[in-house]
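Walk through this structure with an annotated site as the starting point.

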Amino acid sequence: MSRTNNHSSDSVNTVNEKSVVGEKSAVDDKTVVTEKAVSNESSLPKGLAKNEYIKDQSQYLRGTIKQSLANFVTGEVAENDQQLIKFHGIYQQDDRDLRNERKKQKLEPLYSFMLRARVPAGIATPQQWLTMDRIASDYGNDTIRLTTRQAFQLHGIIKKNLRPTMQAMDKVLLDSIAACGDVNRNVMCNPNPVESKAHKEVYQWAARISEHLLPKTKAYHEIWLNGEKYQADASPENTKEPIYGKHYLPRKFKTVVAIPPYNDVDVFAHDLGFIAIIKQGKLLGFNVTVGGGMGMSHGDPETHPRVADVVGFCFPQQVLAVAEQVVKIQRDFGNREQRKLARFKYTIAKHGVEWFKQQLNDRLGWRLLNAQPFEFTSNSDRYGWIKGFDGRWNLNLYIENGRIKDEGDYRLRTGLREIAKIHQGDFRLTANQNLIIAAIDESNKAVIEDLITQHNIKTGDEVSILRRHAMACVSLPTCSLGMAEAERYMPSLLDKVEQLLSDHGLSEQPITMRMTGCPNGCARPYIAEIGLVGKGPGKYNLFLGAGHHGERLGVIYRDNIGESEILSILDELFEQYKNNALERESFGDFVVRTGVVTPSYQAQDFHMELQAQKAS
Amino acid sequence: MIANLLQEFAAPLSSEQVNKVKDALGDLSLEQVNWLSGYLAGLAATGAAVGLKDVSEVVGQAQTLTNAQSNAAQALGAAEASQPSVNPKAATNKLSTILYGSQTGNARGVAESLYQQLQSANIEARLVDMAEYNPKQLKKEQRVFIVVSTHGEGEPPDDALELHEFIHSKKAPDLNGKEFAVLSLGDSSYEYFCKTGQDFDQTLASLGATRLFERVDCDVDYQQASTEWAESVLALVKQSSESAARDTHTEVTHTEVTQTEAKQAEISQKGITPNQDDESNRPHLSVVTPDVAGSRAHASAVTSFNKFNPYTAEILDVISITARGSSKPTFHVEIDLEDSGIQYQPGDALGVWPVNQSTLVNETLSLLSFTGEELVTVEQQTKSLKDALTQDFELTQVSPGFIKWLAEQTKDDQLIQAATDKSMLNGLLANSQVPELLQSFNISVTAEEFVAQLRRITPRLYSIASSQQEVEEEVHLTVGLVSEQRNNTSRNGAASQLLSEFSTGDMARVFVESNKHFKLPDDSNQKIIMIGAGTGIAPYRGFIQQRAAQSAKGQSWLIFGNPNFATDFLYQIEWQQYLKKQQLSQIDLAFSRDQEEKVYVQHKLLEHAKQFNQWLQQGAHIYLCGDKDRIGKSVEQTILQIIASEQQCSDEQAKQILTDLKREGRYQKDVY
């Protein structure tokens, strides 16, 4: 008992700290660790980021998670465990709408957990779909969120339901290992099944990269799956992490595989990318990209989004070695003092691309070949029915904000459940939070069409071009990082922007528009032609000038503005765009060409205060 | 005429004796004769006690009366005349014992008030809580006045259990020659109204004791009936003690009697019970029981504020402490006692006089086509009907009498049936507020007649959820909102509605009801096990505040139950803090609706049976607080089960162990 009590004390501490600190400090880029938090047993030098010591002491990601789960006095897990559970695909969250109210009620925040299931390349079987659908009801908040990184997210799972949730997933071979945390996460891949046989090969490589870079600790099985059977050979001493080592990576690491001409995965926005080079239906290999990333912090000029560099080409059989060595370079050179500056993009920025190539070549023992030519023409999805190379049908649905739920007559969740019961192919999660019902036999097409109609599911034709190119992250009330609304607010803003576009006769013009509740950039707003990044309640930073296909970052245009100002700016710009655009010139290109924004490829592109300094 | 009658009937008397009697009675008034008849009957009943050997001596005593106390006799006779049929055999000087069995403090209040009146009249008496009464003492008593309440399904208050069981057991003594009278308190909306009082009344009689006068059963507005009963007792006891006193000394003064008279007048006029601040008027105290003087529990009652003289306190804060979506909305209420001087101990209760919601009052008025300006008399005060319905009468509860009246008024078949069918009646009582019953009918009635059918409003008692060592001049309550949606209208409990809708600055009339049977152990090193569900958590917040303030070393273990963790973990943050600081050693939680099978506190107890027994054997005090049916019964059953299995004894032995614990004050219950 004393153990439980002590433990509960820890978490109580957290309750208070949390309720006192403002939103900004909720960002997990916590500061350098204090003396007090440094364990005496630690072999690490002083002055590293706090998470480094947590990892060090965690016995390969075990920590005190088991004790935290057993503590029934609180709905949260102990403070250090809050960091460790991320490696198991779980974030602790609380309903921030209720935080103050509950404090007055002498109740702790309404804690729950977000669980992210790892779906390599975003491909799930109907059985897996049905399982996620069921546990969303049994343990979650009755919705499923398709993420911008092709994963399933369940929200609102309370602590005691975590184990049952993960065990149910395990039965259909789904897991949440490394879906979050300082490791390589879910490997994304263009899920479009229509093009060629080669595409299938590409997915397989994406899945292999995902498996290859998974942590090898059995902590997940022990903690969540009643994995006593693993314990015999999985004592911490026997667990080796051949790729990561005991301290894993300094920060999260994201890998994608793109298949031109589609850049739906936003390859330039990721730490590591592979661009498939397919010629005459045959997979030749991959261009390798490194050092992209979205996240930044308001007011911290050292932080910024970065577009990845293309560093060379490798053959398919070399992909795993390349991925492993890139990860190891980040493991050894990433910044472990400041988590804010710990992403791979800062490692590349600091040491330079040439240094990186040298490192990689040295570690591989061979050189990457020169990058092969490729062309992206789109980073959005193609909606509706599309016939694949194999004669089977694929239906790309429009899912607003990736949220699978029933709402009035729009019975998306029920409809998909009914489809999953009879569907022979698979479900594919797109990088734009949409869903493809893939590999439908001709004989099944009519049945599925009927189900779509019956449940009023949108296939994309019903929604505006703008909406098809729009994306928002989860943000409030569940995400602990959110500073402003995103998913809950975006639809109403889109209504108004649609009206503006319509007023200017621009309804048919594809423009990418993305919104996030904080600068971490989950919906990749910095590569949207209209990017809105939450600054405070109802206030956003407006980014303009990104490439339509995500090939160029936007530049901050206004900071801390509300809806009316956003709309009046867009109104004016749409007017100019309508009147002055060149033929087939995208909105992003237009605002750069006409000098509305001027990319400097430096920090001032993202920090308004730096622009102001420059101007003055 | 008297002489003729004596000659005709008085066979045992010699003619000389007849003459003496004639002489003695010659110039007595009718009242004096009445009085004397009772006195003589009393002498006869207990002849040995006053040494009734010499008849002439007796008659000589009677003679002294004629020239001494006719005034007093008149006064007493007048009091007697208003009383229920008094057994004329009563008049001797006997030690009276007032025995009370109280759950919420009402019976105790009546008993204490009676005791004080006896003291004021300089009459020797004892006041004993049944909980502290050794049943074997019963056969040594001469005269017993019982004040006892009834609870739930006709059950005695916890404190009365032992005595109640004893008189119904084979050990019950022969009570021939003993005298008794019973006042029972109850609530006629329950099926077994005043059953415990009836039990005592019938069983004492069947054991041979003499009933001094008919039992009086009081409903929730017990004040008037209990005052009258106490007057009967007072008159009877005084009568006998005065005549007995005359045996040895005749200095009972006229003035004292007048004082008593005056007091009685005051009682009947204002309907108030004399307060302890009358003490200065008392010549001296007779037998002082620990219950009244010096006891810690009574420290609470020292101030001049009490049930009938409540303190008007300011509400400091009302906070909902259950989250949205809770199935059991619960409020935390903080009340300012300021400089009232009111003191309380954790475990005590706070009485709150409710005020009816204006919507409920208006609804009632309009259903009867009253304006509200009609005048009615309440306790000899004339006020508007609206005010009376707001402050003086229950609208959220109805009595069986009201249903019978309504049945007569309306000739409604259902109501007529309900008036005689117990279960139907109970269903109606449990689920109706006054306007709900009036809704379907068109009744023509005067305001006076209408209020005569209503119950007097009664204060609601709440376990206090704070310790003054922590909150000083505040008192905190944990209030469950009694609310039900019926026919699209919210029907709410009067006081809980009032409290939950209070806001800072509102005023409430409150008083402290001490509960000496729910107290922390005197030794703060002693372990405590606190078992509670719902608002039953309230006293434990007070306990832990107290223990934390005292830096108590004794370990504490809280076992709490409610429907859902996310919404109903009352005072969650505080318990977390107490755990962190180790001011609370252990907590176990039963959230019944968080999983498919219901989990209640008794299940948590069973899970920790071994530890529970260990603590018990280490001297832990066990507390039980919450709903009587859900917590009281099932948890007690589980405790018995644990004792039997862990101590490997029979069910009977386990019961005995628990009874012993109760007697030692180590097993205390506050169930409602």
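Cys479(A) is buried, because 23 other C-beta atoms lie within 10 Å of its own. The cut-offs are these: buried means 20 or more other C-beta atoms within 10 Å, exposed means 12 or fewer, and partly exposed falls in between, with C-beta atoms placed from the backbone.

This is a predicted model, in which local features need pLDDT of at least 70 and side-chain atom pairs count only at pLDDT 80 or more, while totals for chains, interfaces and linings use all residues. Residues are numbered from 1 along each chain as its sequence is written, and chains are lettered from A and ligands numbered from 1 in the order in which they are written.

Cys479(A) sits in the loop between strand E18 (470-472) and helix H17 (490-503) of chain A. Helices (H or I, at least four residues) and strands (E, at least two) are DSSP runs, numbered from the N terminus. Leaving out residues up to four places away in sequence, Cys479(A) touches Gln93(A), Val474(A) and Gly517(A). Contact means C-beta atoms, placed from the backbone, within 7 Å.

Now take Cys518(A). Its loop runs between strand E19 (513-516) and strand E20 (530-536) of chain A. Cys518(A) is buried because it has 27 C-beta neighbours inside 10 Å. With residues up to four places away in sequence not counted, Cys518(A) touches Leu481(A), Gly482(A), Met483(A) and Gly534(A).

What does the UniProt annotation "binding site" cover? The unreviewed entry lists Cys473(A), Cys479(A), Cys518(A) and Cys522(A). They spread over 50 residues of sequence but cluster in space, with a largest C-alpha distance of 11.2 Å. UniProt positions follow the numbering used here, feature names are shortened, and annotations may be inferred rather than shown by experiment.

Note on methods: Contact = placed C-beta atoms within 7 Å.
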